[in-house]
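Subject: Structure handover

Hello,

The structure is placed below for you to look at. My notes on what was found in it follow.

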Amino acid sequence: MKSLTGLDATFLYLETPEMPMHVGSLNLCELPAGFKGSFHKEVTKHIAKRMHLAPVFSRKLVFMPLDLGHPLWVEADSVDIGFHIRRADPAKKGAAPMTLAEVHKLCAQLHSELIDRNFPLWEFYIFDRIKLPDGKLVAGFFSKIHHAALDGKGGVMLANAILDLSPVPREVPPPDPSRRRKLESDLKLGKMIGSVFSSSFGQLVKAAKSLPAAASTFGSTLARQSMASSATGVRPKMPMKLAPPTPFNTGISTGRVFVTATIPLAECKAMGKAVGGSFNDMVLWICSTALRDYLAQHHSLPKKSLVAAMPVSLREAGATDASNLGNQVSLSLVELGTHLAHPLKRMSAIMASTAKVKTSMQSLKGLLPTDYPSLLAPWLVGGAAKLALNAYGKSGMASRLPRVANLAISNVPGPPVPLYLAGAKFLTFHPLSIILHGLALNITIQTYAGQVDFGIIADRKALPQAKDLARAIEAAFQEAQGLMATTSPAATPTTPKKTSKTAVSKTAKLERPPSVKRGKRPDTVSAPTTPKTFSASSHGQSVIQAASTKPIPRKTNPRPGSRQAVPA
């Protein structure tokens, strides 16, 4: 018997038909050569042998009497694997394979449906045949697991438990017959109620002991965020900027749309490093540029920068324990610089914002709570807070009241090598996450086997032209190649100067206005003449992986709000 943490339980308390609180992924799978039979049946047999490797497969919820405290995890008396692993495409013999667009549409529908709380909180859907735009036939694997049971990094750890590094599944030890977990039938009412009071008392004592240090750290961090330096000295400023109104800040319904994009990982890392940033900065710039283009094309682009809510993992680096998959995550706010037409200034704004987040998180990481007292939490959070959140979404206040963020963006590090399920190779790892009233768009990025997979989930009305945003992400990557692609030092020799000057960092160079003269701009640096291509699995298209040797030409008479070429 194990009680949910406060953070895990919150995903249950706030869940509604419009806001399902599960996460998932869509994986396209390359079947073994000469495979004949049902991929659905092979996966079912494979998972059945490994269910004991991760408790999420067999544990279910038990709610406290009178909802006095957080629910408990207990071992289910039995698990109907046929209920949890289902075939998604038509099983009729001779039926045509589903197209990728049809698969995306079905995944959006499945992702909008609640998971039945009477059973363990997971569902897998198998596609035996999917026809890609290039005509290739593949299989598919779509997963749904409740966020109360795991976070993003926990999902990667779960994948490591059930997936393999080669087409031949590894041998796993059988379940330990001597190990008996707490079953629902073993629960005693008195012990359940007693655990609520004891855990709540422990949480209050822990909070009281840490309060002085927490208050001091929060205060100093807030003070740093509330002061800005300028030529005239230090001046006060707002510690947090409000986000502008966008079509994504609205109440949501049960309708969903899901699209994907894929770009190469190595070049994203190289481009981020070339401008003095990180891989995370690079993917944020790609998202920012794509959002700027999408809003300019379909709506009015806000004059203020969009703000992204970004989960920050509190899990220890290198954690691989599949028995501890619960949520260890906090939230940060990052300005995306979408109001800046100059792409390099946009990157500088993103890097400055993420640097502030890193500084704050280093101070606060050990103090950010992932739990809170259990006593009466279902009434307070699941009652009052859920009622307020529903009113916020359904009354139209979400689009009228001030907001702190416009969308959610999450970056999940995934496995660097290909993974296999029941002998089939995963070709992609596109994630699906959660949207909320007021945050109707979620972009989750997962790295996998040398590529960066974007999963875009949104309310159908908030993102009516979802495919345009997916294409804009791939177009932003192409633009980044022209602006930030680098060559070896031998390709661009420099002549030493006689007078010594103070070294200027790459980040500082990006912050210069376009009017400052430079010897050579990053968008005119030569690159290899033979471009490589990278197959974009999401659309069956190819993304050019090397910039042309010619500088990017200037655009004349650009339309208002559009992205302009950088002057040479």
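Contact in these notes means heavy atoms within 4.5 Å. This is a predicted model, in which local features need pLDDT of at least 70 and side-chain atom pairs count only at pLDDT 80 or more, while totals for chains, interfaces and linings use all residues. Residues are numbered from 1 along each chain as its sequence is written, and side-chain values use heavy atoms, with hydrogens and water left out.

Tyr 392

Leaving aside residues up to four places away in sequence, Tyr 392 touches Met 397, Ala 398, Leu 401, His 437 and Gly 438. Tyr 392 sits in helix H10 (residues 377–394); helices are DSSP runs of H or I, at least four residues long, numbered from the N terminus. Between Tyr 392 and His 437 there are 7.1 Å in space, C-alpha to C-alpha, and the two are 45 residues apart in sequence.

Helix packing

Two packed helices are described by the angle between their axes and the distance between the axes. Axes here are lines fitted to C-alpha atoms over the stretch in contact, and angles run from 0 to 180 degrees between N-to-C directions.

Helix H8 (residues 279–298) packs on H11 at about 125 degrees, with the axes 8 Å apart. H8 is therefore oblique to H11 (under 35 degrees counts as roughly parallel, over 145 as roughly antiparallel, 65 to 115 as roughly perpendicular, and the rest as oblique). The contact of H8 with H11 divides into 14 nonpolar, 3 polar and 2 charged residues (Ala, Val, Leu, Ile, Met, Phe, Trp, Tyr, Cys and Pro count as nonpolar, Asp, Glu, Lys and Arg as charged, and the others, Gly among them, as polar). Among the residues that meet are Trp 285 and Tyr 294 in H8, and Asp 468 and Phe 477 in H11.

Helix H7 (residues 265–274) and helix H11 (residues 466–484) have axes that come within 10 Å and cross at roughly 45 degrees. H7 and H11 are therefore oblique to each other as well. On the H7 side the contact is made by Glu 267, Cys 268, Met 271 and Ala 274, and on the H11 side by Phe 477, Ala 480, Gln 481 and Met 484. By class, this contact of H7 with H11 has 6 nonpolar, 1 polar and 1 charged residues.

Regards

Notes: Helix = DSSP H or I, 4+ residues; strand = E, 2+ residues; numbered from the N terminus.
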